Amino acid sequence: MTAVSERQQLQYIAGQAADARVNVELETEGMTLNLGPQHPATHGTLRIIVRLDGEQVVSADPVMGYMHRGYEKLVEVRTYPQVTTLINRIDWLSSFCNEVPFILAAEKLMDVEAPPRAQWIRTILFELGRVSNIGLFLGEMGLQLGAMTAAFYAFRDREFVLNQIEAVTGGRFHPNFDRIGGLKDDLPKGWIDETKRVMKRMREFCVEMEDLLVGNEIFQARMRGIGVIPAEVGLSYGLSGANIRASGVDWDIRRDSKLSPLPYDQLDWHVWTHPDGDSFARYWVRLQETVEATKIVDQLLDGLPSGPIMAKVPRIIKVPEGEAYVETENPLGAMGYYIVSKGDLGPFRVKIRSASFNNVSITPWVLRGVYVPDVITILASLYFILGDIDR
Amino acid sequence: MSSADTETTETAPEPTDDLRAGVLAAFESELGDAVVASHLKPNDDLWIRVSAVAWHTTAELAKHKFGFSWFDYLSAIDWMPSPFGRYEDAEVDTPLAEKLNQPYDLETGVAGGDTRFQLLARVVDVRNRHVGVHLKSDVPDDTMTMPTWTKVYAGADWHERETWEMYGITFEGHPELRHLYLPTEFEGFPLRKDYPLLPRVVKPWPGIVDVEPMPGEEPGEDEETEAEGEA
C-alpha cells in the first residue's frame, strides 16, 4: 500500500524537479508557474501549480492544506453546542449558513423540531448570509478583472447586511446563534423595518452591479466563453449551487428538498439557470440569486409567525444513537453534515461536505488549455472560500 | 435505530416511501447478493450497504442506469470506539500505548457493518427525482483496499485522496494517491480513532475542569455541565 504511494510521490517530486530545472535553464519547452499560496487572485492560501506551454496551461494542480484545521477530528471531542462555534469558521463570509445544516441534522436525530418562528428567522438569517456573501462576490469578480470600483461598492453595501446580522446575533461574521431546538434570541425591536430598507438597498446594489459590470464590454469579453463547464462534467465533479445552475441544471436544494423544515415552499421565488456554463453565466446566475434572496427575505419578514423561538430541549444535550445527513443550499453550494451519534454528548463522527471542496476539484479539468489571465477569471467565477475547501 | 434486513424494508404501518423503496428495489434487482444490507427511513433517507467487490459496479449502476448523476461526497467511518474516550479524563501520566491496545466491541450504525472501516458515499439524482442515496461498503481489514470511483465520478478523485490520507484506505486504480491536506512526509492517519488528538492528551481540557454547577444544582457525577443547552 505505502510502497505504491511512495513511488507515486517520488515520481511527482521528480516531475516537479525536472520542471524546475527546465525553468532554470530557460528552455522553451514549458514552464511551471506557482500561483500562491499568497496571491491576491486566490482569495486566501490556495496554491495552484500551473504548467505552461507558452501562454497556455498544460496542467493545473491545486495544492491545499495551508488552512486545514481538522474540524472533522476536533468535533469528535466537543459537545453538540460547542460544534457550532467551530463550524462557523468553515465558510466565513456566511457563517450562519454553516450552522443551519448541522443543527438541522442534530434536531433530526433528536426528533426535535424548532417552532415555526425559529425556522423563519433561521431562513431570514440564512438568506441574509447569502446576500452578504454573494454580494461581495458580485463586486469582487470585477476586482479580479481589474475593475476596482465594483469591489468597493460591494464592501460598502455588504456592511449594511452585516449590521443587520450583528443587530440580531451580536456577531458580524461568526454569529454562533443557532441552537438545537431553535435560536438563541428573538429579533430586536425595529429590526424588521430596517432590514426591509437594507434589502431594498441591496436590490439597488444589484442593479448598480448590472450597470457597472454586466453590460461592460471588457467584462463580457473576459467572461463569455471562458471556463465552460458542461452539465455532465459538473455533475460528476459534484459542483453545486450557482456553479451547476450556470451549466443549465435546474436544481436548488432549497426548492427541491422535500425534507427541509425551512419554509422555502411557502414563498414565491424563482430558481435561475443559465445554459452557457461559462464564467459569465456563473456571474449572472449569482446576480439573480442575490436579487431572489432579497425578495425571499422580504416575504419572510412579512409573514413572520409569532410564537416561541425555542422548543423544549434538555439543558444538557444528548443526541440519541443514529445517523443523519442534512444538506442545505448554502451561498457557495450544497453543504451538508453527516452526523454519526452514539448517544453521547458529542458526535462520534461528523463528515463535513463543503461546497467549495467539490467546486474547486474541477479546476484541473477546467483550467487545462486556457490562457493565464483566464485562470484568474475562472477561479474567481467558481467562487470558493478557502475555509470551505480546507475545513 | 436498527438496521433492517434486505427484504424487510420498514413494514411499519405509518409512512411509506415509494420513491426510495423503488430505488432500493432497483439496486437490489441489479446487484443481487452484493447488496448486503439496507435501511430505509421513510421520507428521509436511504442507506444501501454493498459488498466491497461490488463497490465500483454500484457506482456505475447508480450513475448510468439509475440517473444518480450528481456526486455528493465520499468518505469513511472508523467504527472503533475511541480508546481515549472524549479526552475528558485526560491523565497526563497514562501512557498512550496502554490505552491503545484495549479490546473493543465493534458497534456499527445504520445498515450495519462487519469491519472496522466503512466507506460512505452519497449520490443524488438531481434531474428528475431529486432523491439521494447513501452507499456504504465495508473495507476489508486485511487489505484496506477498495476499488476507485474516479472513473465513474470524476469528483471522487479528491475525496478518495482525502480518505486515503485520513484513514489509510487505498483506492485501487486511483490515478494519483498523494496527500491532499497533509504534508507529504506526514505519518499516520489522523481521522482513525486510535490516532490521538495530542493537545487533549498532554493537557486536560479546561472546559471540563473548571466548570461550576449551575445555581441550585447538585454537583453530581455528571461533570459535563459545560454543555450550554438552553431550555
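Two residues are in contact here if their C-beta atoms, placed from the backbone, lie within 7 Å. By that rule, 44 residues of chain B are in contact with 46 residues of chain A. This is a predicted model, in which local features need pLDDT of at least 70 and side-chain atom pairs count only at pLDDT 80 or more, while totals for chains, interfaces and linings use all residues. Residues are numbered from 1 along each chain as its sequence is written, and chains are lettered from A, with ligands numbered from 1, in the order in which they are written.

**Where the chains meet**

On the side of chain B that touches chain A, strand 3 (70-78), strand 4 (117-125) and helix 4 (156-167) of chain B each supply at least two residues. Strand 3 of chain B gives the largest share, 6 residues. Helices (H or I, at least four residues) and strands (E, at least two) are DSSP runs, numbered from the N terminus.

**Chain A as a whole**

Chain A holds 16 helices and 8 strands. Its C-alpha atoms fill a box of roughly 70 × 55 × 35 Å, taken along the principal axes. The radius of gyration is taken over C-alpha atoms, and the globule rule is 2.2 Å times the number of residues to the power 0.38. Because a compact globule of 391 residues would have a radius of gyration near 21 Å, the 22 Å of chain A agrees with that rule. Buried residues make up 52% of the 391 residues in chain A; a residue is buried if 20 or more other C-beta atoms lie within 10 Å of its own, exposed if 12 or fewer, and partly exposed in between.

**Two sheets in chain A**

Let us turn to the strands. Two strands pair if DSSP finds at least two bridges between them. An open sheet of 3 strands in chain A has the order 6-7-8, with antiparallel pairing. Strand 6 (322-330) and strand 8 (349-353) of chain A have a single partner strand each, so one side of each is left without a neighbour in the sheet. Another open sheet of 3 strands in chain A has the order 1-2-3, also with antiparallel pairing. Its edge strands, strand 1 (31-35) and strand 3 (56-63) of chain A, each pair on one side only.

| Strand pair | Bridges | Bridge partners |
|---|---|---|
| Strands 7 and 8, chain A | 5 bridges | A:Gly336 and A:Arg353 |
| Strands 2 and 3, chain A | 7 bridges | A:Asp53 and A:Gln56 |

**A helix pair in chain A**

Axes are lines fitted to C-alpha atoms, for helices over the stretch in contact, and angles run from 0 to 180 degrees between N-to-C directions. The axes of helix 6 (residues 148-169) and helix 7 (residues 191-214) of chain A come within 10 Å and cross at roughly 165°. Helix 6 and helix 7 of chain A are therefore roughly antiparallel to each other (angles under 35 degrees count as roughly parallel, over 145 as roughly antiparallel, 65 to 115 as roughly perpendicular and the rest as oblique). Among the residues making the contact are A:Tyr153 and A:Phe160 of helix 6 and A:Trp191 and A:Phe205 of helix 7 of chain A.

**A hairpin in chain B**

Strand 1 (residues 35-41) of chain B is largely enclosed by the rest of the structure, because 5 of its 7 residues are buried. The hairpin of strand 1 and strand 2 of chain B has 3 residues between the strands, and B:Asn43 takes a positive phi near 55° there.
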